[in-house]
Amino acid sequence: MSGLVPFWFIVIAFFWTGFFILEGFDFGVGMLHDLVGTDDASRRAAINTIGPLWDGNEVWLIVAGASMFAAFPGWYATMFSALNLALVLLLVALIARGLAFEYRGKRDSAHWRRTWDVSLTAGSLLAPFLIGVALGDLLHGLPINSSQNYTGSFWDLLQPYGIFTGITLVLLCALHGATFLELKTTGDMRERAARLARLVAPFTAAAVIGFIIWTHVTHTNAFFLNPIELLAILAVLAAVWLVYEPHRHGFAFAATTVTIASCIVAIFVGLYPNVMVSTTSAANNLTAQNTASPGYPLKVMTVVAIFLLPVVLAYQTWTYYVFRRRISTREFEPAAEPPEAAAAAEVPATGDATAS
């Protein structure tokens, strides 16, 4: 069992990292679709770049939460009770996004579509911010007593470090989404996505560097950055350079992928062997060992994960391969009226008596 506890901590960190890599560009596209799209056709094109992917990507969040529940029930219980209201807000944001994808095109009304566009943008911005605040709070610490119960209020969740972590993840998702749109669109849409990437990139780099330095200074005792922290800074600097280079959008997307993964991994590296830090007393910290499930459930979960995780990864890889083509605005423009119908419409209408 002693080996399975750190193994499942790594697995959960992997799920959270995979969630932000994949759902991160979904969030970014949701935030930016109204800026990349100048009309309804281009906004529909932007949304359809993630149309076949977004719901599968969100499954990573469910799997991460379910794994925490099964492998570390003590961690799950304290964290989800502490973040109760924040999680409700997160669910509202995710539901708003899902409804926007499903209902935006149900009525031929500009006001109707505009309402769902706003819902999609707001939900895509709020979700990574709230998750970022939650992950930052795990590392910064929350008031937890000796019984592993959260003793604070909702306002205690709004720690400066947690808020800055949320802002950093929002900016990272925006840059990640902009580089993804460059990969998946053509023509003017790709140019607008490139301009947005160049606009967001410097702010994202500043936020990532500040986040890494804050994390390192506050939560580690070493003088030098560890390899993950150094990788995050190098990757975001590479992303800034690549978005300004023409025809490097594939490499830019790879750089934002490495950056967002490194930032999430840095949180979990700084956290272990704790899973939640107590600001009340270090003796009250929740650790991987004192919140883990017994040995038998961990063994069963490990066997299931070894067999099923490769299948899930292979299926998702295949899905991305199938939907790899670029999306063009022309696919969503209204069909041109046939010449014969247009000519007939131009002929003045006459009465039956005159025609006869």
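This passage walks through the fold of one protein chain, from its overall make-up to a few individual residues.

The structure is a predicted model, in which local features need pLDDT of at least 70, side-chain atom pairs count only at pLDDT 80 or more, and totals for chains, interfaces and linings use all residues. Residues are numbered from 1 along each chain as its sequence is written, and side-chain values use heavy atoms, with hydrogens and water left out.

The secondary structure of the protein chain consists of 13 helices and 2 strands; helices (H or I, at least four residues) and strands (E, at least two) are DSSP runs, numbered from the N terminus. Along the principal axes, the C-alpha atoms fill a box of roughly 100 × 40 × 40 Å. Of the 356 residues in the chain, 49% are buried; buried means under 20% relative accessible area, exposed over 50%, and partly exposed in between, with a 1.4 Å probe and protein chains only. Contact here means heavy atoms within 4.5 Å. Among contacts between residues at least 6 apart in sequence, 80% join residues at least 24 apart.

In soluble globular proteins, nonpolar side chains tend to be buried together. A nonpolar core is defined as a set of buried Ala, Val, Leu, Ile, Met, Phe, Trp, Tyr and Cys residues joined through side-chain atoms within 4.5 Å. The largest such core in this model has 102 residues, and those with the most contacts inside it are Trp-16, Phe-20, Phe-72 and Trp-75. Helix α1 (residues 4-36) gives the most to this core, with 18 residues. With neighbours within four places in sequence left aside, the contacts of Phe-72 include Val-5, Trp-8, Phe-9 and Ile-12, as well as Ala-288, Thr-291 and Ala-292.

The packing of helices comes next. Two packed helices are described by the angle between their axes and the distance between the axes. Axes are lines fitted to C-alpha atoms, for helices over the stretch in contact, and angles run from 0 to 180 degrees between N-to-C directions. The axes of α5 (residues 84-103) and α6 come within 8 Å and cross at roughly 145 degrees. Helix α5 passes α6 in a left-handed crossing; a crossing is left-handed if the near helix is turned anticlockwise from the far one by less than a right angle, and right-handed if clockwise. The residues that make this contact include Leu-89, Leu-90 and Phe-101 of α5, together with Trp-112, Trp-116 and Leu-120 of α6. By class, the contact of α5 with α6 has 17 nonpolar, 3 polar and 1 charged residues; Ala, Val, Leu, Ile, Met, Phe, Trp, Tyr, Cys and Pro count as nonpolar, Asp, Glu, Lys and Arg as charged, and the others, Gly among them, as polar.

For helix α8 (residues 187-219) and α10, the axes come within 11 Å and cross at roughly 25 degrees. The two helices are therefore roughly parallel to each other, since angles under 35 degrees count as roughly parallel, over 145 as roughly antiparallel, 65 to 115 as roughly perpendicular and the rest as oblique. The contact of α8 with α10 divides into 6 nonpolar, 4 polar and 1 charged residues. Among the residues that meet are Val-208, Phe-211 and Ile-212 in α8 and Cys-263, Ala-266 and Ile-267 in α10.

Thr-168 is found in α7 and is buried, with a relative accessible area of 2%. Beyond its neighbours within four places in sequence, Thr-168 is in contact with Ala-207, Val-208 and Phe-211. Glu-182 also belongs to α7 and is buried at 8% relative accessible area. Glu-182 and Ala-252 are 70 residues apart in sequence, yet 9.5 Å apart in space, C-alpha to C-alpha. With neighbours within four places left aside, the contacts of Glu-182 include Arg-190, His-249 and Arg-326.

Arg-325 lies in the loop between α11 (295-322) and α12 (339-346) and is partly exposed, with a relative accessible area of 48%. Arg-325 and Lys-184 are 141 residues apart in sequence and 6.9 Å apart in space, C-alpha to C-alpha.

Most residues other than glycine have a negative phi, and most peptide bonds are trans. His-247, in the loop between α9 (227-243) and α10, has a positive phi near 60 degrees and is exposed at 71% relative accessibility. A cis peptide bond, with omega about 10 degrees, joins Tyr-272 and Pro-273.
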